[in-house]
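Subject: Structure for you to look at

Hello,

Here is the structure I promised. Please open it first, then read my notes below.

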Amino acid sequence: MLDKILNVFKEKFGETGTILKFFAPGRINLIGEHIDYNGGCVLPCALTIGTYGVVRKREDNKIRCYSLNFEDKGIIETEIENLKYQSEHNWVNYIKAVIWAFEQKGHKIDKGFDFVCFGTIPNGSGLSSSASLEILISKILIDLFNINISMVEASLISQFAENKFIGVNCGIMDQFAIAMGKKDNAIFLNTNTLDYKYAPVKLDDMKIVISNTNKKRELADSKYNERRKECENSLLEIKKVKPEIETLADLTPEEFENIKDVIKDETWQKRVKHVLYENDRTKKAYEFLQQNNIIEFGKLLNLSHKSLKEDYEVTGVELDTLVEISWKQEGVIGSRMTGAGFGGCTVSIVKEQFVDIFIQNVGKEYKEKIGYDADFYVAEIGDAPKQI
Ligand code: GLA
C-alpha cells in the first residue's frame with residue numbers, strides 16, 4: 001500500500017528531496033457514547049486501519065495535496081497564508097484547518113508541503129476518518145517543523161481545528177483516541193480532566209467485529225449539535241438546585257434520580273439519564289476489562305445500545321436492526337452502536353469460532369430487512385500515529 005502511495009507521490013510531485021511517510025489510525029469507541037462533551041469517561045481504542053500520508057516540505061508557501069480516495073478531485077492547491085474554509089478545497093479543508101489551528105496556538109508553520117494520502121477507513125463509517133487525517137497532519141507538522149508539543153496537545157489543537165475551522169462541534173474523544181492509541185489497549189479517558197489510563201484488551205478466544213450499516217449519515221451533524229444543546233440546557237436547569245455542578249457527569253445517577261424533576265422537559269430528562277448511566281457503565285466496563293470479565297463487559301455494551309436507542313435517540317432503524325440481529329447470534333458477547341450514531345457502525349464482541357457465521361447470518365438478515373448490504377471488518381487495536 002505504502003509503495004503505491006509513494007509511487008503516486010513521485011509521479012505527481014517528483015522524486016527529489018526528503019520524502020517522509022506517516023500513518024495515523026482510525027478509532028472505535030467501545031463504550032461511553034455522547035459522554036465526551038459532558039465531562040464524563042469514555043473507552044475508545046485506535047485501530048490498525050487509518051490514513052497513510054507521504055509528504056515533502058517545500059521552500060515556498062504552497063500546499064499541494066492529492067488523495068487516492070478522491071482521485072477525481074485531482075491535485076488541490078492552496079497556500080499557508082490567509083487560510084479560510086473553501087468548499088472547492090473539499091477534503092483539503094481538514095489540512096488547512098490543522099495548519100490554521102497550529103498557527104492560532106502560536107506554532108509557526110512557515111513553509112508549505114506536497115502531500116499524498118490514502119485512507120483505509122471507509123468514508124462516512126463513523127470510524128473517524130476526518131480525525132485520523134487531522135492527527136496525521138498534526139504529526140506531520142510536529143515532525144517537519146520541529147514543534148515541541150505532546151500528542152495530547154496535538155489532539156486538543158486538532159479538536160480546535162474541527163470545532164472552529166470546520167464548524168463541527170465534536171468533543172475530544174476521537175482526536176485523543178487516535179493521537180494516544182496503543183496497540184491492544186483501550187484508553188480510559190476522563191474527558192473533563194484528560195487523565196487517562198490504558199486498559200489492555202485481552203479477548204482470548206473473542207474478536208471485535210465492526211459492522212457498517214452503510215447508511216448515509218444525513219443530518220448527523222445537526223442532530224449531534226441538537227443533543228449537545230439539550231445537554232447544555234439541562235445542565236443550566238440542574239445548576240439551579242446544584243450550583244456546584246460543572247458538567248453533567250459531575251452528577252451520579254442516584255443524585256440525578258433525586259433532582260430530575262427540576263428538568264421540566266421530559267426529553268431532556270431522558271438525555272441526562274443516558275449521560276449519567278452511560279458514564280457509570282463506562283467506569284464499570286473499565287473495571288471489567290481489567291478483570292478480563294468480558295461477559296459482564298458485553299452486557300454493558302448491550303445496555304449502552306438500549307439507552308442510546310430509547311433515551312438518547314441517536315440510533316435509527318439501520319443501527320437497531322444490525323444490533324438486534326447481532327444479539328440473536330451464537331457466540332455474541334455484546335453489541336452496540338459506536339460513534340455519533342444516526343448511521344455508521346456497530347461494535348460487537350464475538351467468539352472467534354463464530355465470527356464467519358456471524359458475518360454470514362447478520363449480513364443476510366440485514367440485507368433482507370434494510371435492502372442493501374452491511375460491511376464487516378474484524379478489528380485490530382492499533383498504535384498511535386508514527387513516521388514509518
Ligand atoms: C462523534 C464525536 C465525538 C463523540 C462521539 C459520540 O464521534 O466526534 O466527539 O461525541 O460522536 O460519543
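Start with the ligand. Its surroundings are Arg27, Glu33, His34, Asp36, Tyr37, Cys170, Gly171, Met173, Asp174, Tyr224, Gly339 and Ala340 (near means a heavy atom within 4 Å). This is a predicted model, where local features need pLDDT of at least 70, side-chain atom pairs count only at pLDDT 80 or more, and totals for chains, interfaces and linings use all residues. Residues are numbered from 1 along each chain as its sequence is written, and side-chain values use heavy atoms, with hydrogens and water left out.

The shell holds five nonpolar, three polar and four charged residues. Here Ala, Val, Leu, Ile, Met, Phe, Trp, Tyr, Cys and Pro count as nonpolar, Asp, Glu, Lys and Arg as charged, and the others, Gly among them, as polar.

Now the polar contacts (pairs of N or O atoms within 3.5 Å). A ligand oxygen lies 2.6 Å from a side-chain N or O atom of Glu33. For Tyr224, a side-chain N or O atom is also 2.6 Å from a ligand oxygen.

How is the chain divided? It has domain 1 (2–200) and domain 2 (206–379), with bounds from an automatic or database assignment. Their contact (heavy atoms within 4.5 Å) takes 33 residues from domain 1 and 41 residues from domain 2. Their C-alpha centres are 26 Å apart. Each domain gives at least three residues to the ligand shell.

Best wishes

Methods. A polar contact is a pair of N or O atoms within 3.5 Å; within protein, one must be able to donate a hydrogen and the other to accept it, and residues adjacent in sequence count only if both atoms are side-chain atoms.
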